[in-house]
Amino acid sequence: MQRRRVRTSLPALGIALAVVLAGCNGDPDAQPTTGSESTPASASPSASPPTTAPSATTPPAATPTPSSRPAPGTVPPAWLGRRVLPVTTDGFGEVRPTPPALRNRRFTLPDQLPALPGSGFASRIVSPPPDSVIDRSTWRPGCPVARSDLAWIRLTFWGFDDARHTGELLVNKTVARKVVRAFRAMYTARFPIEEMRITRAAELSAPPTGDGNNTGAFNCRPTRGTTTFSEHAYGLAVDINPFQNPYVKGDVVLPELATAYVDRNRVRPGMILAGGPVVRAFETIGWGWGGAWRTLKDYQHFSRDDR
């Protein structure tokens, strides 16, 4: 995972983080179509998680008993994506201890796309992507890949709520089918994912909140600390559950509140482990894993060129 630097004067925004994947091979579930396919109307992202009205049998003023409270980590906190961190001299947010509500993070955010038909794994590939998809992505003139060389993938994924969800990825068209194959294997293994959507341009300049967890691919930005485009900018890398699988280099942890997940021996749902289903899924398509790097660990990151 690589990430942009921010300035302290920028306004507070929401959750940020992203990335992408590689190769080319046939997949019976991936159905290529032309860019003429229209984009389904997507639900607007919620500014805060949905609330549930009090039960008809419970007085509104009653204090919840311990047994009635949701288990920590199963419900997104109301402040998710809203609390901006101080920015350090390196341009990242201040690394802090993981809040108790996120130490065993296992909720899935509402889908922003209509569900794909069926009851099992399903996918749809559209290349080139519709203009409406490109317009809400980080693509811009000057990116190292032409918009016509990208592919928009809609696919199902398994949530932490043990339910089928529909998400989206923007990838290089040369690797679209292989990416679908890897995610189908993850779906079969019931590996849980919190959120899967295209990274928005506004996220590139958003101040850090340190609690993002979007699974994504294409992101037109430089490699961390350089002016060289990352593999994400080519649509050849993907990041999966960044919060449970942070980037770690020295004292830098990204997302900044994911410090509880630096200890990889304390296994919790959504973590990517050596020999596990996610690593195996990407090994089958020939992609490398950042969790196996030596000078740093990027546990969320998979890429065609292993960089």
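Contact, in these legends, means that heavy atoms lie within 4.5 Å of each other. The structure is a predicted model, in which local features need pLDDT of at least 70 and side-chain atom pairs count only at pLDDT 80 or more, while totals for chains, interfaces and linings use all residues. Residues are numbered from 1 along each chain as its sequence is written, and side-chain values use heavy atoms, with hydrogens and water left out.

View 1. Helices (H or I, at least four residues) and strands (E, at least two) are DSSP runs, numbered from the N terminus. With 3% relative accessibility, E231 counts as buried, a word that stands for under 20% relative accessible area, whereas exposed stands for over 50% and partly exposed for the range in between (1.4 Å probe, protein chains only). Not counting residues up to four places away in sequence, E231 touches L236, A237, S303, D305 and R307.

**View 2. The open sheet of three strands, in the order β6-β11-β9.** The pairing in this sheet is antiparallel, where two strands pair if DSSP finds at least two bridges between them. Because β6 (237-239) and β9 (288-289) stand at the edges with a single partner strand each, one side of each is left without a neighbour in the sheet. Three bridges join β6 to β11 (residues 301-303), and H301 in β11 is the bridge partner of D239.

**View 3. Helix α2 (residues 176-188) and the elements it packs against.** The 13 residues of α2 reach 18 Å from the first C-alpha to the last, close to the 18 Å expected at 1.5 Å a residue, the expected span being 1.5 Å times one less than the number of residues. The buried residues of α2, among them A176, K178, F183 and Y187, pack against β2 (123-126), β3, β4, β5, β6 and α3. V180 in this helix is buried at 0% relative accessibility, and its C-alpha atom is separated by 9.2 Å from that of A122, 58 residues apart along the chain. Just after α2, R190 takes a positive phi of about 60°.

**View 4. The largest nonpolar core, with 35 residues.** A nonpolar core is a set of buried Ala, Val, Leu, Ile, Met, Phe, Trp, Tyr and Cys residues joined through side-chain atoms within 4.5 Å. I153, L169, F183, M186, I240, F282 and F302 touch the most other members, and α2 gives the most to this core, with seven residues. Apart from it lies another core of twelve residues, including V133, C143, V145 and W152.
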